[in-house]
Amino acid sequence: MSKTGKYQQLRMNLIGEWGSGSLSVTGRDVFSPRTGKVSQQWLSMCQKERTSTQNMMERVTDLSNLSTACRKVIKNGGSSGIDGMTTKDLKDWFSMNHQRLATLLLSGDYRPSTVKLVEIPKPSGGTRQLGIPTVIDRMVQQAVLQVLMKRYEPIFSENSYGFRVQRSAHQALRCAGRYAAEGYRICVDLDLEQFLR
């Protein structure tokens, strides 16, 4: 594949991929060039996405999904949040409260707790603020993540490595190394949060 072809492929992957057909979404797909109105293709894609995400909270609050999330939080360990509950306490809490938690999530009445702020030292000097959610909030986040990953992980760009299952910064570096060997000379490492400030 030529450099131009590889660039176009990378550009299409970065723009976004929808559905199992990996349909790339561009401005042309959203608006009809003839009328300037939202295209039927775009509306059809949106309807397909709405259909595939119906009952998502029911999947999040399924006992099996919540139980898996609870086990993962316990396994990961970590500090307690603002309420002082530890990961060791979570198993007993969950066994007595999972139905109430599911009801709160389904009704929209669940409210996350305040995040505990701690400062940790940076290797280069100074400190960095770290937010520690409660173990219950971490379990809810994990339960949501598990459902969202099943839906969206298969359609993420092949060129995306950040915070992905079985992907790492080392893999991204190897990929950049392959591009460099093919003759590319520019590599961009970008933190969107910092970029937008």
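The model is a predicted one.

Q: How many helices and strands does the secondary structure of the chain come to?
A: From the N terminus on, the elements run α-β-β-α-α-α-α-α-β-β-α-α-α. Counted by kind, the secondary structure of the chain comes to 9 helices and 4 strands.

Q: What share of the residues of the chain counts as buried?
A: A residue is called buried when its relative accessible area is under 20%. The chain has 197 residues, and the share of them that counts as buried is 28%.

Q: Which elements are included in what covers the buried residues of α5?
A: Helix α5 takes in residues 63-76, and its 14 residues reach 20 Å from the first C-alpha to the last, close to the 20 Å expected at 1.5 Å a residue. Within α5 the buried residues are Asn65, Leu66, Ser67, Ala69, Cys70 and Val73. The cover over these buried residues includes α4 (56-60), α6 (87-107) and α7 (135-152).

Q: Is threonine 87 buried or exposed?
A: Threonine 87 is found in helix α6, and, leaving aside residues up to four places away in sequence, it touches Val73, Ile74, Gly77, Gly78, Val135 and Arg138. Because its relative accessibility is 10% and the cut-off for this class is under 20%, threonine 87 counts as buried.

Q: What distance separates the C-alpha atoms of glycine 81 and isoleucine 132?
A: Glycine 81 is found in the loop between α5 and α6, and with a relative accessible area of 3% it is buried. When residues up to four places away in sequence are not counted, glycine 81 touches Lys116, Ile132, Pro133 and Thr134. Glycine 81 and isoleucine 132 are 51 residues apart along the chain, yet the separation of their C-alpha atoms is 5.5 Å.

Q: What is the count of buried residues in strand β3?
A: Strand β3 spans residues 116-121 and is described as hardly covered. Among the 6 residues of β3, the count of those that are buried is 0.

Q: Which residue in β4 does valine 118 stand opposite?
A: Strands β3 and β4 (residues 127-132) run antiparallel and are joined by 6 bridges. Their hairpin has 5 residues between the strands, and in this hairpin glycine 125 takes a positive phi near 105°. Across the pair of strands, the residue of β4 that stands opposite valine 118 is leucine 130.

Q: Is cysteine 187 buried or exposed?
A: Cysteine 187 has its place in the loop between α8 (169-181) and α9. Its C-alpha atom is separated by 9.9 Å from that of leucine 173, which is 14 residues apart from it along the chain. Because the relative accessible area of cysteine 187 is 62% and the cut-off for this class is over 50%, cysteine 187 is exposed.

Q: How much accessible area does the nonpolar patch with Leu192 have together?
A: Leucine 192 lies in helix α9 (residues 192-196), and with a relative accessible area of 54% it is exposed. On the surface, Leu192 forms a nonpolar patch with Ile186, Val188 and Leu190, and their accessible area together is about 470 Å².

Notes: Residues are numbered from 1 along each chain as its sequence is written. This is a predicted model: local features need pLDDT of at least 70, side-chain atom pairs count only at pLDDT 80 or more; totals for chains, interfaces and linings use all residues. Side-chain values use heavy atoms; hydrogens and water are left out. Patches are made of residues with over 30% relative accessible area and no salt bridge: like charges are joined within 9 Å, nonpolar side chains (Val, Leu, Ile, Met, Phe, Trp, Tyr) within 5 Å. Accessible areas come from the Shrake-Rupley method with a 1.4 Å probe; for residues, only the protein chains shown count as cover. A salt bridge is a side-chain nitrogen of Lys or Arg within 4 Å of a carboxyl oxygen of Asp or Glu. Helices (H or I, at least four residues) and strands (E, at least two) are DSSP runs, numbered from the N terminus. Buried means under 20% relative accessible area, exposed over 50%, partly exposed in between (1.4 Å probe, protein chains only). Two strands pair if DSSP finds at least two bridges between them. The expected span of a helix is 1.5 Å times one less than its number of residues. Contact means heavy atoms within 4.5 Å.
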